[in-house]
Amino acid sequence: MPDQHLIQRIELTSFTITVPHIGTDRAGAGIRYVSGPGEEQLRFALRLWTDSGAVGEYVPNRSRVIPVMAACEFLAHGLVGQSALARERLYRKMRLATKP
């Protein structure tokens, strides 16, 4: 049977980054200009492996790392065993799971 590109594993890694002249806004939801070397910001990366050996990686460009990473951890469990090629179906499933 050919590889079905089934998601086998998902890894989330947090890290800090400092970008010159960039800081986090007061609400923690976005970025803002700051004079000088910039401010340390928390970010995270997601890496996904499939049974076919394909690896996908993504680093969100948002600064709201704590709630976004928590949501990713919650949703990742439902992706394992699913086809990585069914992106639209998986997106709808995750979107419904997070709507109030």
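This is a predicted model: local features need pLDDT of at least 70, side-chain atom pairs count only at pLDDT 80 or more; totals for chains, interfaces and linings use all residues.
Exposed, for this talk, means over 50% relative accessible area; buried means under 20%, and partly exposed lies in between. Keep those cut-offs in mind.

Let's start with salt bridges. How many does a search of the whole structure find? Three.

Take Glu57 and Arg47. Their closest N and O atoms are 2.8 Å apart. Is Glu57 buried or exposed? Its relative accessible area is 55%, so Glu57 is exposed. Arg47 has 33%, so Arg47 is partly exposed.

Next, Arg32 and Glu39. They form a salt bridge too, with the closest N and O atoms 3.0 Å apart. Glu39 has 29% relative accessibility, so it counts as partly exposed. Arg32 has 31%, and it is also partly exposed.

Then Arg9 and Glu11. Their side chains meet in a salt bridge at 3.0 Å, N to O. Arg9 comes in at 43% relative accessibility, which means partly exposed. Glu11 comes in at 25%, again partly exposed.

Now the nonpolar side. Nonpolar side chains in soluble globular proteins tend to be buried together. Which residues make up the largest nonpolar core here? There are five: Ile7, Leu48, Leu79, Ala86 and Leu90.

Look at Leu79. Leave out residues up to four places away in sequence, and Leu79 touches Ile7, Ile10, Leu90 and Met94. Two of those contacts, Ile7 and Leu90, are listed in the largest core as well.

Leu79 also takes us to the pocket. Rolling a probe the size of a water molecule over the atoms shows where empty space is left. The largest pocket has a volume of about 840 Å³. Its lining counts 24 residues. Which of them lie nearest the centre? Leu46, Cys72, Leu75, Leu79 and Met94.

Where does the lining come from? Four elements each supply at least two residues: strand S1 (7-18), strand S4 (40-50), helix H1 (65-76) and helix H2 (87-98). H2 gives the most, with seven residues.

By class, 18 residues are nonpolar, one is polar and five are charged.

Key:
Residues are numbered from 1 along each chain as its sequence is written. Side-chain values use heavy atoms; hydrogens and water are left out. A nonpolar core is a set of buried Ala, Val, Leu, Ile, Met, Phe, Trp, Tyr and Cys residues joined through side-chain atoms within 4.5 Å. Buried means under 20% relative accessible area, exposed over 50%, partly exposed in between (1.4 Å probe, protein chains only). Contact means heavy atoms within 4.5 Å. On a 1 Å grid over the protein atoms alone, a cavity is a set of points where a 1.4 Å probe fits but cannot get out, and a pocket is an open set with protein on both sides within 12 Å along at least five of seven lines; lining residues have an atom within 4 Å of a point. Grid points are joined across faces, edges and corners, and a volume is the space filled by probe spheres set on the points. Ala, Val, Leu, Ile, Met, Phe, Trp, Tyr, Cys and Pro count as nonpolar, Asp, Glu, Lys and Arg as charged, and the others, Gly among them, as polar. A salt bridge is a side-chain nitrogen of Lys or Arg within 4 Å of a carboxyl oxygen of Asp or Glu.
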